[in-house]
Each structure stands twice: as C-alpha cells, then as structure tokens.
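The sequence and the coordinates are shown below for reference.

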Amino acid sequence: MHRLRHTYASFMISKGVNFKIIQEQLGHTDIKQTLNTYSHLSDEDRTKASDLFDEIL
C-alpha cells in the first residue's frame, strides 16, 4: 500500500497537481509531511526547470 501511495503522489506532483490537493487526498494533517515525503524530483522535472531558467536568461 505504501508504494501505491508513493507512486500516486509522485505522479500527481509530476503532473503539476497542487500539493494542498495531494495532502488532502492522502489524509495528511500537515502539508510538511506531504512535501517531505513525496516531493521527489524526476529527471524530466529537473530538465523542465533548467529549460525555464534558460528562457529567463
């Protein structure tokens, strides 16, 4: 069950779902728990962030 929750949360984060919504869906009372536990970055997310920064420059 833990792996399913982790996969779900990671997928929702990668799709840009608001962390507050994910927190509510997982039943966490504190947003810090959601952020600390499930906010892993994928290589694709890192690339997107770098690309956005390049656009700014």
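The structure is a predicted model. Helix H1 spans residues 2-14 and helix H2 spans residues 19-26, and their axes come within 10 Å of each other. The buried residues of H2 pack against H1 and also against helix H3 (31-38).

**Packing of H1 and H2**

- Two packed helices are described by the angle between their axes and by the distance between those axes.
- The axes of H1 and H2 cross at roughly 160 degrees.
- An angle over 145 degrees counts as roughly antiparallel, and H1 and H2 are therefore roughly antiparallel to each other.
- The crossing in which H1 passes H2 is right-handed.
- On the H1 side, the residues that meet H2 are Arg 5, Tyr 8, Ala 9, Met 12 and Ile 13. On the H2 side, their counterparts are Phe 19, Ile 22, Gln 25 and Leu 26.
- Sorted by class, this contact of H1 with H2 comprises seven nonpolar residues, one polar residue and one charged residue.

**The buried side of H2**

- Ile 22, Gln 23 and Leu 26 are the buried residues of H2.
- They lie on the same side of H2, because they cover an arc of only 105 degrees around the axis.

**Gln 23**

- Gln 23 belongs to helix H2.
- Gln 23 counts as buried because its relative accessibility is 4%, and the cut-off for burial is under 20%.
- When residues up to four places away in sequence are not counted, Gln 23 touches His 28, Thr 29, Asp 30, Ile 31 and Thr 34.

**Tyr 38**

- Tyr 38 is located in helix H3.
- With a relative accessibility of 3%, Tyr 38 counts as buried.
- Neighbours within four places in sequence aside, Tyr 38 is in contact with Arg 5, His 6, Ala 9, Ser 10, Ile 13, Leu 26 and His 28.
- Tyr 38 and Thr 7 are 31 residues apart in sequence, and their C-alpha atoms are 8.8 Å apart in space.

**Asp 45**

- Asp 45 is found in helix H4, which covers residues 43-56.
- Asp 45 is buried, with a relative accessible area of 18%.
- Asp 45 and Phe 19 are separated by 26 residues in sequence and by 15 Å in space, C-alpha to C-alpha.

Methods. Residues numbered from 1 in each chain as written. Predicted model: local features only at pLDDT ≥ 70, side-chain atom pairs only at ≥ 80, totals over all residues. Heavy atoms only, no water. Axes fitted to C-alpha atoms, helices over the stretch in contact; angles between N-to-C directions. Helix = DSSP H or I, 4+ residues; strand = E, 2+ residues; numbered from the N terminus. Parallel < 35°, antiparallel > 145°, perpendicular 65-115°, else oblique. Left-handed = near helix turned anticlockwise from the far one by under 90°. Contact = heavy atoms within 4.5 Å. Nonpolar A, V, L, I, M, F, W, Y, C, P; charged D, E, K, R; others polar. Buried < 20%, exposed > 50% of the residue type's maximum accessible area, 1.4 Å probe, protein only. Arc of directions from axis to C-beta.
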